[in-house]
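Here is a friendly briefing to keep beside the viewer. Please have the sequence and the structure open as you read.

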Amino acid sequence: MKNSTIWISASVLIGAFVMPFTANAESAIQQTKGSYQDKFRQLDETLPTPNVYRSAAGEPGENYWQQRADYDIDVTLNEAARRIDASETITYHNNSPYTLRYIWIQLDQNIFRNDSMAERSSTFSSRPEQNLNGIDKPARISLGQLRRQQFMADNELGFEIKKISDSRGQGMDFVVVGTKLRLDLPQPLKPGQKTEFGIDFGFNIVESDAVGARSGYEHFPDDEREGGNDIFLMAQWYPRVTAFTDYEAWTNKEFLGSGEFTMEFGDFEVEITVPADHIVSASGVLQNPRDVLTSTQRERLDDAKGAERPVFVVTPEEALENEKEATDEMKTWRFVAENVRDFAWASSRKFIWDAQVYEQGGNVMPEVLAMSFYPKEGGELWEKYSTASVIHTMEVYSRFSFDYPYPTAQSVNGPVGGMEYPMITFNGPRTELQDDGSRTYSLAEKRFLIGVVIHEIGHIYFPMIVNSDERQWTWMDEGLNSYLDAVAGREWDPDIPWGVEARGIIDYMKSTNQVPIMTQSDSVLNLGPNAYTKPAVALNILREVIMGRELFDYAFKEYARRWMFKRPTPADFFRTMEEASGVDLDWFWRGWFYSTDHVDISLDRVYKLRMDTKDPDIDWERRRQEEANKPTSLFVERNQAEGRKTWVELNPEVTDFYDENDEFTVTNKQRNAYQSFLEKLEPWERRVFDRAVSEDKNYYVLDFSNLGGLVMPILLEWTYADGTTDSMHIPAEIWRRNAKNVSKLIVTDKEVTDFAVDPQWETADVDIANNYYPRRIIPSRIEAYKGNWPADHIRRDLMQESKSKLKTDDEEDSKDETENDDQ
Ligand SMILES: [Zn+2]
């Protein structure tokens, strides 16, 4: 260890630690000039002013209100045309204190129109390149992008609004504005009133894989049935009332794709007419099982109660039989979903169906029917893990928020990677068909299935129940949900990477191309790390490092409880987390949510100080030793080596007082001064001084600098010479007067050999190398590589290449010849 030893003067100690180190005082002055930022400034200056709708505590205020919309929808799926036609009746309740002259309706399907704002404002980034050899590299466009363009050019997409009429059947005026529709009310709708209107509509369903949508159909051309089969996932499929809120009035952000949905709660009654051999999964509870299920299927559904593992309602064998041929007959499935903010459904003749009742207990919803719907392509992976993951999610989430309040929780396999709606989720992972007819899956696919089901079922809590505004803030549902899905996930299997480990966000945190978490959803760059991982890591750090589990869990649960079936804003979350825990977190929200700063705390220097005794006979002898320990001059060493004698050595007879007494010689004048110092001390000062001198502890001064800008606690650990360790959690408030440089005094009995900052990598510190004092050698690897010379274009021998034969269909591509194709 190479800590420099410096004496500490007793006057400093007795000076009550006011400003012990001048370097610190200097940097404090510099910090208030130029780029000065108060990282601990009150966040209330930034947050909206509390009012009667939203309180300063982050609770719904005394006059909190939200609108309500009930829906009655009849929809028919035209399988051959891949189209739905429907009529809906919406009952809109004006609970606001305002009179409304119009109602805005969301037409999300219109995002697929060629003239939508989303399409017209989409950008293209690939460019042709010329390299130094003068060889052109073309710009690139993926076949997926081309497929999307072709699909959208070939199909008439978006809502067809056939008719809108009031409760007496009179046509109503409306104006379509992109993905929204303004419905003009014949009479103003006063506070406390409700109104009813009907919309007849239809649209051609998008092919989900072609356009990259959250819903749509997926085609299976290889099914035994002539022409194959489809899975239909139907979401954003009916004109939905736009949210009208106390903080924004009507939501008027266009649907551009990233900013999902902001919705009102209501009751749904939905009749879904589909081919008679289809199985339908939907938000809510099936009302007419006798009309659509066989008696065997109904019995099996009854067996789901008390089952240890999911039971099949439709077995894999039955589903396989089912998908071999179709019928012209139709059947109507009737569902009711109460107090939901949306309604989605899925339909296919390919579905295997399993179910298990989750015995939740309590009095909110003691039994929840957990179900999965998947084609043979889902296979054993779904059979084993889908419904099990649904139940596991409810077990964990309810512990951290509230009892799952709905009667069903479903996981449906289809073309969507992962998407959530009330009581129903769409999840993408599948098995792979092998040449021998078996189906296998990779470890990654298995982890993907468990992870995505937990995540999407978790969304039924956030934002389907804690109804945050997704059009504005993706992080409020994705960030909170990613944090909690990782809690649930690590309780399932901690070996699966869950994406909340602090080190997982480091590359993103130090990248330059980023925006704060508090950025509107459609303007966010790098949506994954920005809206999912960074807020999830931040919350995990809040829980595990800053607040502790007890305070965090209490406050988080309080937030969920306060805003269950209501609409929270970011301020409500920030305020509740502080108010319910009693921990001021303004600095944390500022750093993690309002800035792009990252964490990089460097331990720059450590001094080891030893207490001066003031006794000149002791202190000056120590100084003499110190002088003797300094390196001698190379000049002197070399002169000695050459045998060169100094004048003093050559003339020993000429000596005086100074040859006998060095500069550390102690005089009585100094001894008298020491006695006089002791005599002038007050009794308590004398006690303190004598004790400090006799204990002779080690005083370590640690200089820290904040290179990343984000203020964070300093998790300090140190090792003593005898191998034992000690630690100190220095709160972030150490940076309150100077956010760039701080110093800390650590007093120990034993000698310290090294200090480490955040040794467990808990704070997302982007540079670990500067966390150690003394610095450590960084272990890494070096790899030998084979050069590509001459370059491919020089090596190309057209004379030889032209001799190759044209391959026939059944010849397999040889590896050599395809190698150069994927440049
Ligand atoms: Zn999500």
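Let's begin with a proline: P774 lies in the loop between β35 (772-773) and α23 (792-795). A cis peptide bond joins Y773 and P774, with omega at about 0 degrees. Helices (H or I, at least four residues) and strands (E, at least two) are DSSP runs, numbered from the N terminus. This is a predicted model, in which local features need pLDDT of at least 70 and side-chain atom pairs count only at pLDDT 80 or more, while totals for chains, interfaces and linings use all residues. Residues are numbered from 1 along each chain as its sequence is written, and side-chain values use heavy atoms, with hydrogens and water left out.

**Confidence**

- The protein chain has an average pLDDT of 92, pLDDT being the predictor's confidence in each residue, from 0 to 100.
- A score of at least 70 is reached by 94% of the residues.
- Over residues 10-29 pLDDT stays under 50, and the model has 22 contacts beyond four places in sequence for them; contact means heavy atoms within 4.5 Å.
- Residues 814-823 also stay under 50 in pLDDT, with six contacts beyond four places in sequence.
- Where pLDDT is low, the predicted coordinates should not be read in detail.

**The zinc site**

- The zinc ion has as its protein donors H455 (NE2), H459 (NE2), E478 (OE) and E478 (OE), at 1.9 to 2.5 Å.
- Donors are N, O and S atoms within 2.8 Å of the metal (3.2 Å for Na, K and Ca); water is not among the atoms, so sites may look incomplete.
- Angles among the four donor atoms run from 57 to 155 degrees, and the site is irregular.
- For the geometry label, four donors count as tetrahedral if all angles lie between 85 and 135 degrees; four count as square planar and six as octahedral if opposite donors are over 155 degrees apart and all others between 65 and 115; anything else is irregular.
- Along the sequence, the donor residues follow the spacing H-x3-H-x18-E.
- Distant parts of the chain are linked here, with H455 in helix α10 and E478 in helix α11 (residues 474-492), 23 residues apart.
- H455 counts as buried at 10% relative accessibility, and E478 is buried too, at 2% relative accessible area.
- Buried means under 20% relative accessible area, exposed over 50%, and partly exposed in between (1.4 Å probe, protein chains only).

- Six strands form an open sheet with mixed pairing, in the order β19-β22-β23-β24-β26-β25.
- Its edge strands are β19 (311-314) and β25 (418-421), each pairing on one side only; two strands pair if DSSP finds at least two bridges between them.
- Strands β23 (residues 367-374) and β24 (residues 408-413) pair in the parallel sense over five bridges, and F373 has V412 in β24 as its bridge partner.
- Helix α9 (residues 379-400) lies across β19, β22 (352-359), β23, β24 and β26 (424-427), at about 150 degrees to β23.
- Axes are lines fitted to C-alpha atoms, for helices over the stretch in contact, and angles run from 0 to 180 degrees between N-to-C directions.
- Helix α10 (residues 443-459) also packs on the sheet, where α10 touches β24, β25 and β26.

**Strand β16 and its partners**

- Seven of the 10 residues of β16 (residues 266-275) are buried, so to speak a mostly covered strand.- Strand β2 (residues 68-78) runs parallel to β16 and is joined to it by six bridges, with I73 opposite V270 in β16.
- On the antiparallel side, β16 and β20 (residues 330-340) share nine bridges, and F268 stands opposite A337 in β20.

**An enclosed helix**

- Helix α16 (residues 586-593) is largely enclosed by the rest of the structure, because eight of its eight residues are buried.
- Among these buried residues are W587, W589 and W592.
- Their cover includes α11, α12 (506-510), α13 (527-547) and α15 (570-581).

**Backbone details**

- Most residues other than glycine have a negative phi, and most peptide bonds are trans.
- N339, in strand β20, has a positive phi of about 55 degrees and is partly exposed at 26% relative accessible area.
- M423, in the loop between β25 and β26, has a positive phi near 65 degrees and counts as buried at 1% relative accessibility.
- F462 and P463 are joined by a cis peptide bond with omega about 15 degrees, and P463 is found in the loop between α10 and α11.
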